[in-house]
Amino acid sequence: MALLVENLTLDRGGRRIVSDLSFAVEDGTALILRGPNGAGKSTLIRALAGLGQPSAGRIVLLQAQKPVDIADQLAYAGHLDAVKPAMSVAENLRFWARFLGSAEVGAALDVAMETFALGPIAQQPAAMCSAGQRRRLGLARLLLAPRRLWLLDEPSVSLDVATVATLCGLIDRHCETGGIALVATHTDLAVARKETLELRPPERPAPGTGQNGLVPASGGAMDPFLAENIG
Amino acid sequence: MDGSLRSLLGRELILAVRAGGGAGLGLAFFLIAVLLVPLGIGPELALLSRVAPGLLWVAALLAALLSLDRMFQADLEDGTLEVMATAALPLEGLAAIKALAHWLTTGLPLVLAAPVLALTLGLPPAGIAWLVGSLALGTPALSFIGAIGAALTVGVRRGGLILSLLVLPLYVPTLIFGARSVDLAANGRDPQSAALLLAAVTLGTLGIAPLAAAAALRINLR
């Protein structure tokens, strides 16, 4: 599997956020998105998740050289945790497990609770959770149903040190089993197979000038792959 | 996908009956609004029974409007809507389930409470039967048209007012045919034509509203 992004241009509210960005991620790789505030990390992740239409360019997910529907392969965790305060921690997770089509709801629930240490607060209303607990509950969603492509927007915010380590372990395991992870973050995540993509805000006025917002930080290793797949 | 739809419906119903969910709000409004009318226009039963069909329908319509603005708003605020939009379930299915849940928690209680209120206003028995029938036929349209308005105003701060302005004009056909069928039946005439038109409006709405609401959600999620 591979995620290809070709000449992607993204506008938001009439402003150019990302212009003419191209990159490719092969399976088994965690691509860390870096850049100052406003560089377009969240906008890029949202666009990859299908929230918002690119102004130009395209996003393709290839499986065995054939394009497949991203929505079936995708797990998205944004700034908000998608947690219902009126339901308990366990109820929240059970709903997502069913909604996302988990094969074994009970087993998936146990694994997710165990991994993020949610057991002790399982019956507590989510409204009573601290910010970190809520974030753990949000991230636990990733474990409920297997998805090949993880899109994580600053997942380590408000997590304690131990949980950040857990998260890094999960991303590693996800990549080892052939998944792709895109992680926008400001902290150093100790992820084994990572590449880094530096985004910077396009120079204004950028619209139409075709300014490349990509600085290849991990060498030009991706280029032959791009050339092979896109020609 | 079946499992997704069912889990979503279950969650909507649970959230509606929990604190801050708003189930029962529409019903309470309906009861109070109708019971206030005799206090306002006097206890003369002949007059009350004459205005009862229109009155009950207008009250039901406003009651249905009451909890519409939270249909998508709460899910947008806590990020649930984004996650759902990125899942494999089409937004059309999501919108249809949301509207169905709104009807089950708001419209259906109105249908069940209507006969009691109709009695207090002195509506003749034939009219009561058709009141229940026309509300059962017409209130789904209120929820589904409402879903379009709720989806259009989902990102708008204090969008409830704009929502009412958008949705109320669209409720007009349902109101006219619904109230007319009860009126005809109460006066011993055949209400079938009005009831058929009411059913047609509802069926058309059930078909179109999920598509329109999903399109509006897509724009608002950008």
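One definition before we start: two residues are in contact here if their C-beta atoms, placed from the backbone, lie within 7 Å. What you are looking at is a predicted model.

With that cut-off, take Ala95 of chain B. Leaving aside its neighbours within four places in sequence, Ala95(B) is in contact with Ala147(B), Ala151(B), Pro210(B), Ala213(B), Ala214(B) and Leu217(B).

Where does that residue sit in the wider picture? Ala95(B) belongs to the largest nonpolar core, which has 138 residues. It is among the residues with the most contacts inside that core, together with Leu56(B), Ala60(B), Ala147(B), Ala151(B) and Leu217(B). Which helix gives the most to this core? That is α7 of chain B, residues 125–152, with 14 residues.

Next, a helix pair in chain B. The axes of α1(B) and α6(B), the latter covering residues 91–120, come within 9 Å, and they cross at roughly 40 degrees. The crossing is right-handed. On the α1(B) side, the contact is made by Leu5(B), Leu8(B), Leu9(B), Glu12(B), Leu13(B) and Ala16(B). On the α6(B) side, the residues include Leu94(B), Ile97(B), Lys98(B), Ala101(B) and Leu104(B). By class, this contact has 10 nonpolar, two polar and two charged residues.

Now to chain A, and its sheet. Four strands form an open sheet in the order β2-β1-β4-β5, with antiparallel pairing. Strands β2 and β5 of chain A, the latter being residues 66–68, are at the edges with a single partner strand each, so one side of each has no neighbour in the sheet. From one strand to the next, the twist averages 35 degrees.

I will go through the pairs in sheet order. β2(A), residues 15–26, pairs with β1(A), residues 2–12, over eight bridges. Within that pair, Leu4(A) stands opposite Ala24(A), and Val5(A) stands opposite Phe23(A).

On to the next pair: β1(A) and β4(A), residues 56–63, are joined in the antiparallel sense over six bridges. Here Thr9(A) has Ala56(A) as its bridge partner. The last pair is β4(A) with β5(A), antiparallel over three bridges, where Leu61(A) is partnered by Val68(A).

What lies across these strands? Helix α1 of chain A, residues 41–48, lies across β1, β2 and β4 of chain A. Helix α1(A) runs at about 120 degrees to β1(A).

That leaves the contact between the two chains. How many residues does each chain put in? Chain B gives 22 residues and chain A gives 21. On the side of chain B that touches chain A, α1(B), residues 2–17, and α5(B), residues 80–86, each supply at least two residues. Of the elements there, α1(B) gives the most, with seven residues. By class, that side of chain B divides into nine nonpolar, eight polar and five charged residues.

To close, one point joins two parts of this talk. Helix α1(B) crosses α6(B), and α1(B) also gives the most to the side of chain B that touches chain A.

Note on methods. Residues numbered from 1 in each chain as written. Chains lettered and ligands numbered in written order. Predicted model: local features only at pLDDT ≥ 70, side-chain atom pairs only at ≥ 80, totals over all residues. Pairing = 2+ DSSP bridges. Nonpolar A, V, L, I, M, F, W, Y, C, P; charged D, E, K, R; others polar. Core = buried A, V, L, I, M, F, W, Y, C linked by C-beta atoms within 7 Å. Buried ≥ 20, exposed ≤ 12 C-beta atoms within 10 Å, placed from the backbone. Axes fitted to C-alpha atoms, helices over the stretch in contact; angles between N-to-C directions. Left-handed = near helix turned anticlockwise from the far one by under 90°.
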